[in-house]
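Visitor: Hi, I'm new to this one. Could you show it to me and walk me through a few contacts?

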Amino acid sequence: MVTFLLRRTVPLPLDEAWRRITEWSRHGDVVPLTRVTVEPGPPTREGTVVVARSGLGPLAFDDRMEVTVWRPPADGSPGRCRLEKRGRVVLGWAELEVLPEPGGRTRVLWREELGVRFLPGAFDPLVGAAARAVFGRAMNALLRRS
């Protein structure tokens with residue numbers, strides 16, 4: 001398992017930063033070879049299942065995640081979402097958080113513990129580097145696009 005933390009400070013209000021990083025279908029637009037579905041459909045709440053299907057043809061797999069914490073920002077207070085990975089291939093959890101910063105800016109945190117079943121721990125450095133690169137670019141794109 002690898003754990004990583006991504007941080008960004010953006011010139012967006014809390015609510016808008018939250019909307020951009022938790023609009024699940026948009027994740028499929030910014031992560032290569034990935035399609036995202038949500039069960040049941042919006043609005044997101046605890047118990048919502050987000051499925052990211054990544055790969056091509058027979059090499060595709062599902063990253064099935066259940067929302068276990070859903071606290072959108074309200075009245076200037078931080079927002080936090082936790083997803084527990086429930087798939088057969090991808091293990092771990094992810095947390096997304098938005099925090100108020102001075103000047104109407106928002107600090108966005110993406111924490112994740114990620115493992116790939118059947119992949120030996122010797123591959124953790126490679127998995128970590130790839131995850132930081134892919135999710136870092138995804139986070140940047142999500143926060144840029146309205």
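**Helices and rings**

Guide: Helix α1 (residues 14-22) and helix α3 (residues 124-144) pack at about 130 degrees, their axes 8 Å apart. This is a predicted model, where local features need pLDDT of at least 70, side-chain atom pairs count only at pLDDT 80 or more, and totals for chains, interfaces and linings use all residues. Residues are numbered from 1 along each chain as its sequence is written, and side-chain values use heavy atoms, leaving out hydrogens and water.

Visitor: Which residues of α1 and α3 make the contact?

Guide: Ala17, Arg20 and Ile21 come from α1, and Leu142, Leu143 and Arg144 from α3; contact means heavy atoms within 4.5 Å.

Visitor: OK, new topic. How many aromatic pairs are there?

Guide: The structure holds four. Rings of Phe, Tyr and Trp (its six-membered ring) pair if their centres lie within 6.5 Å, with planes under 30 degrees apart called stacked, over 60 edge-to-face and the rest tilted. One of them is Phe4 with Phe135, stacked at 6.0 Å centre to centre and 15 degrees between the planes.

Visitor: Where do Phe4 and Phe135 lie?

Guide: Phe4 is in strand β1 (residues 2-10) and Phe135 in helix α3, so the pair ties together parts 131 residues apart in sequence.

Notes:
Axes fitted to C-alpha atoms, helices over the stretch in contact; angles between N-to-C directions. Helix = DSSP H or I, 4+ residues; strand = E, 2+ residues; numbered from the N terminus.
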